[in-house]
Amino acid sequence: WGDQSNSDNNLTQENSVNQPLRYTYDGANDKTRIEFDGVNDYFTSTSNNLITNEFTMFYVLNSVTKTPADTGSIFSYNDGTRKIDIEISSTNKFKSKVFDGTTLISNELNSSDTTNYFIGMVKLSGKNLRVDYDSLGNNITATSTDALYDTETSYNTSIFKIGFASKYLKGNVQEIIIYNSALLDYDIGQIKSYLNKKYNIY
């Protein structure tokens, strides 16, 4: 899955058994989607994660209900000490966690929307972790803070994965945007507007 920003942060999966399927139709607004089967599909980055300290991530995806109810990984980073986990459950609980090796900041949003595509946003700014969930009829945000979190923590010494950490993602991903900075609210709004116009989410 090629990086469109020309920063060479590409995704790959050399094992055909674990390759998600790409469809050029039937996603939100009938655009291209990448289907993760919830069994063994995932991508790994071809280079180390680009995040130093703060970040802002955007996702366009939907989560397909699994039986039994389970949680799938959207984005995961684990260098053996520091971790970033962004997950979606089968009931569309959008979860995020950052761990500096000592202190964990976690956040979770509950949405009643379990079928539609949504725009997810996760932002780490200083000691604050913000999560947004925007879909048809749902515009939810929440912020968690921990004063003990080490703001000098870096997350750029290992690769990252899309679709797998401890659980596999079952659903369709259409776009992922990652910034190595904490964006201003105005910029977040502009990117959400772009994604909504492109994919007709809400």
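First, the ground rules. This is a predicted model, where local features need pLDDT of at least 70, side-chain atom pairs count only at pLDDT 80 or more, and totals for chains, interfaces and linings use all residues. Residues are numbered from 1 along each chain as its sequence is written, and side-chain values use heavy atoms, leaving out hydrogens and water.

Now the sheet. Strands are DSSP runs of E, at least two residues, numbered from the N terminus. Two strands pair if DSSP finds at least two bridges between them. Here, 7 strands form an open sheet in the order S1-S4-S13-S6-S7-S8-S9, and the pairing is antiparallel. Which strands stand at the edges? They are S1 (11-12) and S9 (104-110). Each has a single partner strand, so one side of each is left without a neighbour in the sheet. S9 is joined to S8 (residues 93-99) by 7 bridges. One example: Phe94 has Leu109 in S9 as its bridge partner.

Next, Thr44. Thr44 sits in strand S4 (residues 43-45). Is Thr44 buried or exposed? Buried means under 20% relative accessible area, exposed over 50%, partly exposed in between (1.4 Å probe, protein chains only). Thr44 has 18%, so Thr44 is buried. Contact means heavy atoms within 4.5 Å. Beyond four places in sequence, Thr44 touches residues including Leu11 and Phe160.

Last, the cores. A nonpolar core is a set of buried Ala, Val, Leu, Ile, Met, Phe, Trp, Tyr and Cys residues joined through side-chain atoms within 4.5 Å. The largest has 31 residues. Phe75 and Phe94 are among those with the most contacts inside this core. Strand S5 (residues 55-63) gives the largest share, 4 residues. Another core, of 13 residues, lies apart and includes Phe58 and Leu195.
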